[in-house]
Amino acid sequence: MKIWFVYHSCFVVETKSAFLVFDYFKNKKSAGSDFDFNDLLKKIFESSKALYVFASHSHHDHFNREILKWQEKKKDTAYILSSDIKLYSNAENVNFIGRNRELQIGDLKLSTFGSTDEGISFLVQIDGLTLFHAGDLNWWKWPDDTPEEERVMEDAFTGIMDDICAKGKNFDAAFFPVDGRLEQNYLCGGEYFIERIRPRLFIPMHFGDDYQIPAKFIAFQEGREPATKMLDITHPSQILCE
């Protein structure tokens with residue numbers, strides 16, 4: 001398995017038979033970038049492997065209609081889009097899916113779960129790998145929330161986590177929000193997720209341009225769950241696993 005971090009909550013995963021792209025909305029380059037996203041796309045388009053493109057919900061930082069043009073370059077492209085996404089033109093090979101559903105496309109098996117914001121979260125099984133992408137599922141515990149708002153959010157988040165745990169816990173990689181806008185509460189969701197799931201790899205996301213957040217989260221978690229390796233992200237367009 002090879003994993004590229006593109007930007008924000010977008011990752012590209014290469015398996016034995018496929019490429020998977022999660023929640024693309026834009027790409028950025030920096031002086032330290034490990035790859036050029038357009039070059040990576042060209043490699044994917046030219047590959048004989050299938051391409052699966054996911055969008056967890058319609059928010060601008062998780063979905064870009066530009067992805068629908070990729071099938072012009074690669075016919076064996078399948079789209080898995082949250083049912084809250086509205087398209088205003090015809091597009092082929094698009095699968096709309098809501099919460100708590102299952103779908104199989106070729107060698108890929110998908111289970112969806114809820115979110116504590118818009119849309120869905122994804123559990124993907126392919127080529128013997130199990131991958132989880134949270135979308136906007138998180139324990140959104142904002143500093144100015146009232147006690148009632150905190151209770152409602154906690155119940156919603158832990159309820160969805162119960163659903164995920166019921167599917168099993170042998171996750172090879174999990175992409176999960178670690179969002180610094182939550183201030184001191186940015187740890188809550190990721191910490192709880194790791195305690196419940198214990199994925200082999202935990203990969204932080206949804207931190208925008210604040211690249212100090214992943215390292216701070218990893219430092220806090222160090223030694224707490226030895227079964228989980230946490231990958232630090234320091235810049236856009238970073239190769240995480242080769």
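In the hairpin of strands β9 and β10, two residues lie between the strands, and Asp127 takes a positive phi near 55 degrees. Helices (H or I, at least four residues) and strands (E, at least two) are DSSP runs, numbered from the N terminus. This is a predicted model, in which local features need pLDDT of at least 70, side-chain atom pairs count only at pLDDT 80 or more, and totals for chains, interfaces and linings use all residues. Residues are numbered from 1 along each chain as its sequence is written, and side-chain values use heavy atoms, with hydrogens and water left out.

**Strand β10 and its partners**

- Strand β9 (residues 121-126) runs antiparallel to β10, and five bridges join the two; strands count as paired if DSSP finds at least two bridges between them.
- Ile126 stands opposite Leu129 of β10.
- Five of the five residues of β10 (residues 129-133) are buried, so the strand is largely enclosed by the rest of the structure. Buried means under 20% relative accessible area, exposed over 50%, and partly exposed in between (1.4 Å probe, protein chains only).
- In a regular strand the side chains alternate between the two faces of the sheet. From β10, Leu129, Leu131 and His133 point one way, while Thr130 and Phe132 point the other way.
- Strand β11 (residues 173-177) pairs with β10 in the parallel sense over three bridges, and Phe175 of β11 is the bridge partner of His133.
- Together, β10, α3 and β11 make a right-handed β-α-β unit. Right-handed means that, with the strands pointing away from the viewer, the path from the first strand over the helix to the second runs clockwise.

**The seven-stranded sheet**

- An open sheet with mixed pairing is formed by seven strands in the order β6-β5-β4-β3-β2-β1-β14.
- The edges are β6 (94-97) and β14 (238-241); each has a single partner strand, so one side of each is left without a neighbour in the sheet.
- Strands β4 (residues 50-55) and β5 (residues 77-82) run parallel and are joined by five bridges. Tyr52 has Ala78 in β5 as its bridge partner.
- Helix α1 (residues 37-46) lies across β1 (2-7), β2 (10-14), β3 (18-22) and β4, at about 35 degrees to β2. Axes are lines fitted to C-alpha atoms, for helices over the stretch in contact, and angles run from 0 to 180 degrees between N-to-C directions.

**The nonpolar core**

- The largest nonpolar core has 87 residues, of which Leu20, Tyr52, Phe54, Trp70 and Phe132 touch the most other members. Such a core is a set of buried Ala, Val, Leu, Ile, Met, Phe, Trp, Tyr and Cys residues joined through side-chain atoms within 4.5 Å.
- Helix α3 (residues 147-166) gives the most to this core, with six residues.

**Helix α4 and the cysteines**

- Helix α4 (residues 188-197) is mostly covered, with seven of its 10 residues buried; among them are Tyr192, Phe193 and Ile194.
- The buried residues of α4 pack against β10, α3, β11, β12 (201-205), α5 (212-221) and β13 (229-230).
- The structure holds zero disulfides, a disulfide being a pair of cysteine sulfur atoms within 2.5 Å.
- For Cys188, the nearest cysteine sulfur is that of Cys165, 17 Å away. Cys188 is buried, with a relative accessible area of 17%.

Notes: Contact means heavy atoms within 4.5 Å.
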